Amino acid sequence: MRRRIADTVAILVAVVTVFPIYWMVLSALKPTGEIQSSDPRPWTLHPTLDHFRSALGVSGFGRYLLNSLTVALVVVALSALLSFLAAVALTRYRFRTRTTILVMFLIAQMVPVEALSIPLFFQIRDLGRTVPGLGLNTLGSLILVQLAFSLPFAIWMLRGFVAAVPQEVEEAATMDGAGRFTILWRILFPLVAPGLAATSVFSFITAWNDFLFAKTFIISATEKQTLPAALLVFFKPDENDWGGIMAASTLMTIPVLVFFIFVRRRMVSGLGGAVKD
């Protein structure tokens with residue numbers, strides 16, 4: 001009986017979770033008349049690809065896509081590297097300010113992103129005067145900010161994976177003559193790789209879906225805008241093009257799904273957090 005109740009609850013949660021995605025794809029395939037109908041139906045007998053053609057026909061769509069991929073992939077790579085090194089340092093070494101650093105990571109996660117947009121704007125503006133490529137109207141500014149927001153979560157999560165690796169493994173490698181660099185990259189890194197896969201999904205989605213900072217930092221250089229900015233084309237003063245909005249949103253989810261499928265095996269094992277002795 002309990003198993004049936006649990007299965008029923010799981011099915012209901014799955015339906016509630018998947019239904020918005022289904023409705024988004026359905027709306028992207030519906031003709032405009034059906035979308036604007038006062039009697040919406042959860043199906044269509046006349047699917048069309050006109051909305052997808054409209055989305056792909058937006059001026060600069062390919063450039064927006066390339067910018068988004070650049071920002072997201074660089075953030076994933078840098079976040080994985082820095083969070084791994086930081087997690088090892090905070091787990092394997094004991095120093096006076098370790099607890100303070102961990103508390104600061106927690107505080108960074110608590111502050112609303114919207115509250116930081118204005119101070120970050122002035123900080124990025126001033127930084128661009130001294131550091132080329134990191135000022136306003138640059139992709140570097142988006143990479144830097146998204147990296148700063150991804151690192152606290154990634155470090156906290158990877159600490160558990162590093163701590164789960166028995167220190168005897170490192171001690172055995174040391175007795176065999178392995179140096180610290182070899183232990184770090186040839187022993188610890190492969191064992192913590194499942195956790196890196198799990199955190200990389202979070203970093204990719206956060207950077208890929210960013211709209212607030214893209215509109216805040218990219219002011220006049222339209223060629224530096226990311227893909228979420230393309231959605232603004234379909235928002236009009238008189239009437240929004242919901243078919244185009246849903247089609248563009250559907251296209252935006254494809255790279256996320258591809259990335260998720262690419263790392264899903266390591267991510268699933270990573271969420272288990274198990275390291276065999």
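**Reading a helix pair**

Student: Which residues in H7 meet residues in H9, and how do I read that?

Tutor: Gln146, Ser150, Phe153, Ala154, Met157, Leu158, Phe161 and Val162 in H7 meet Val192, Gly195, Leu196, Ala198, Thr199, Phe202, Ser203, Thr206 and Ala207 in H9. Meeting is contact: heavy atoms within 4.5 Å. These residues divide into 11 nonpolar, six polar (Gly among them) and no charged. This is a predicted model: local features need pLDDT of at least 70, side-chain atom pairs pLDDT 80 or more, while totals for chains, interfaces and linings use all residues. Residues are numbered from 1 along each chain as its sequence is written, and side-chain values use heavy atoms, without hydrogens and water.

Student: At what angle do H7 and H9 pack?

Tutor: Helices are DSSP runs (H or I, at least four residues). Axes are lines fitted to C-alpha atoms over the stretch in contact, with angles from 0 to 180 degrees between N-to-C directions. H7 (residues 139-164) and H9 (residues 180-208) pack at about 160°, axes 9 Å apart. So H7 is roughly antiparallel to H9 (over 145 degrees).

Student: Is Ser141 buried or exposed?

Tutor: Buried means under 20% relative accessible area, with a 1.4 Å probe and protein chains only. Ser141 has 0% relative accessibility, so Ser141 counts as buried. Ser141 lies in H7. Setting aside residues up to four places away in sequence, Ser141 touches Ile124, Gly133, Leu134, Gly135 and Phe217.

Student: Which residues does the "transmembrane region" annotation cover?

Tutor: UniProt annotations may be inferred rather than shown by experiment. The unreviewed UniProt entry gives several spans, including 64-90, 102-122 and 142-162. In the model, residues 64-90 are 100% helix, with end C-alpha atoms 38 Å apart. Residues 102-122 are 90% helix, with end C-alpha atoms 27 Å apart.

Note on methods
Helices (H or I, at least four residues) and strands (E, at least two) are DSSP runs, numbered from the N terminus. Angles under 35 degrees count as roughly parallel, over 145 as roughly antiparallel, 65 to 115 as roughly perpendicular and the rest as oblique. Buried means under 20% relative accessible area, exposed over 50%, partly exposed in between (1.4 Å probe, protein chains only).
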